Amino acid sequence: MKTKNVSLLLGILLVFTACVDVDHTLGVSFIPSDEMMTVQVYKDSTIAVYTAAPDSMITSSSSYGLFGSMCYDPFGTVEVGTVFRMYPAMLEKNFGTNPSFVSARLRFTGSGNQAAADQVGIAQNVRVYSITKTMSDTLPYYNNSLKPAEVAELISQSGIIYNGGDTLSIALTPSFGNFLLTASAENLLTADNFYNFFKGFYIKTDPLPSNIKGGRINSFDYAAVYLELKYRHDGQDSTVYFLADQAGAHFNTFEHESLSRLQNLPPNAPKDTVYFEGLAGVKPSIDFAEIKTKLENLAASQGKDLQKLVIANAQIIIGVGTEQPDELNYFPSLLSFCYKYVSDDNYITYSPLKDVQLGTSGAMNRSTLEYSIEVTDYLINFLQGKRAYSNLLMMPIQKVPDAYGTNYYYYLDNVTYSRGMLRGTPNRAYNKPSVMFKMTYTFLQ
């Protein structure tokens, strides 16, 4: 009879989990023996979802610089810029005797852009500033690491218009070119010496006027950037090139109006709709401590001990707040729960939950207009006290293949601008619950 009971349980569990990836660690330390058990499905569509904002987003890990701006209702404007350093391509040189400035141009090759089809070629005013911020190769940098006081003078000439093409050439001011020519032989001896002399560049565009919606975010590989400085000395013309510091310190900056416009947190009541915006914008937030409380109440209502709960599968299903195909294109392909980690040095990172099986889990189902995130292992570990974090953010995830294309790695996507509206609490305008916690479970006797 013991074997028959266990076989019956496994057969029932397979029926309930036939449409999801099976994790063979389900149930972890709970192994049934003599108990008779009833498999049940618990559904709760009253889970509170809020619109929250990440504290800071690490942006120094990307090899691509971003600059531009977007403006969409109800998010408002997001302004994007990039900060990087440059060093002389030929070190241990000098500018000769009495060098005189001829021209200086910052040139780079674009590697793509993010824009609606009718916004790809819009004109953007590009501005380049020098900075006073000293950067380190060993520290992380965030979307808000560049403070206004660290932005020095405008060093690009006026009238630099970019239409999103393959290349951009930015004429720099004579005053900046003359400043470079004051670099001493010691300043030009090593890259670090030059970084102490000139801290770096900050590139951005003017924001769109408030009455214009849309915009474009441009990207370029730091490896495709160089500075061309032409000058005369000792009666001859010379040209010196400077290269971007690819492996060292660089980062992108994001400024979002949505953080002040849309953020909604307890003790406010949850709203019918919650919003998410890519980069460092607002994100949906769920506190799993609330789910734990609901499961404690579930156990009590059945006269059971929560410690004897066996979870076969648990999901968070959240509905998309639009049916318009054009709007759906702005939603990320993958959403997952991320947790905030603060190191002993007070560095902040957001990372996808390792307990969540990413792949089909977290992908948008365009037929049902839902995201479904499988949280079985995380919930088990959280209930057992193995996970201290409960307040989680839903964030866009990037799927990156390995060199052979056989395995995939999942990272927080901090380079793609996405936006959308999710259904946060039950709303009669929709035929189904806005957010649902669904669990297949049983209790040991």
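The following questions and answers go through parts of a predicted model.

Student: What makes up the secondary structure of the protein?
Tutor: The secondary structure comes to 7 helices and 25 strands. The protein has 445 residues, and buried residues make up 50% of them.

Student: Why is Asn98 called exposed?
Tutor: Exposed means over 50% relative accessible area. Asn98 has a relative accessible area of 68%, so Asn98 counts as exposed. Asn98 lies in the loop between strand E5 (86-88) and strand E6 (100-115). Its phi is near 50°, a positive value in a residue other than glycine.

Student: How do you know that Asn346 is exposed?
Tutor: By the cut-off of over 50%, a relative accessible area of 60% makes Asn346 exposed. Asn346 sits in the loop between strand E18 (335-342) and strand E19 (348-352). Although Asn346 is not a glycine, it has a positive phi of about 65°.

Student: Why is helix H7 called mostly covered?
Tutor: Buried means under 20% relative accessible area, and 8 of the 8 residues of H7 (residues 376-383) are buried. Among them are Tyr378, Leu379, Ile380 and Phe382.

Student: What covers the buried residues of H7?
Tutor: The cover includes helix H5 (288-301), strand E17 (309-319), strand E21 (370-374), strand E22 (391-401) and strand E25 (435-443). H7 lies across E17, E21 and E25, and runs at about 120° to E17. Just after H7, Gly385 takes a positive phi of about 80°.

Student: What is the order of the strands in the open sheet of 5 strands?
Tutor: The order is E1-E25-E17-E21-E20, with antiparallel pairing. Strand E1 (40-44) and strand E20 (364-365) stand at the edges. Each has a single partner strand, so one side of each is left without a neighbour in the sheet. H5 packs on this sheet, touching E1, E17 and E25, and its direction makes about 45° with that of E25.

Student: Why is strand E16 called largely enclosed?
Tutor: In E16 (residues 283-287), 4 of the 5 residues are buried, so the strand is largely enclosed by the rest of the structure.

Student: What makes E16 a partner of strand E2?
Tutor: The condition is at least two bridges, and 3 bridges join E2 (residues 50-52) to E16, so the two strands pair. They run antiparallel, and Thr51 stands opposite Pro284 in E16. E16 and E22 also run antiparallel and are joined by 3 bridges. The bridge partner of Ile286 in E22 is Leu392.

Student: Which value goes with the cis peptide bond from Asp73 to Pro74?
Tutor: Its omega is near 0°. Pro74 is in the loop between strand E3 (64-72) and E4.

Conventions. Residues are numbered from 1 along each chain as its sequence is written. This is a predicted model: local features need pLDDT of at least 70, side-chain atom pairs count only at pLDDT 80 or more; totals for chains, interfaces and linings use all residues. Side-chain values use heavy atoms; hydrogens and water are left out. Buried means under 20% relative accessible area, exposed over 50%, partly exposed in between (1.4 Å probe, protein chains only). Contact means heavy atoms within 4.5 Å. Axes are lines fitted to C-alpha atoms, for helices over the stretch in contact, and angles run from 0 to 180 degrees between N-to-C directions.
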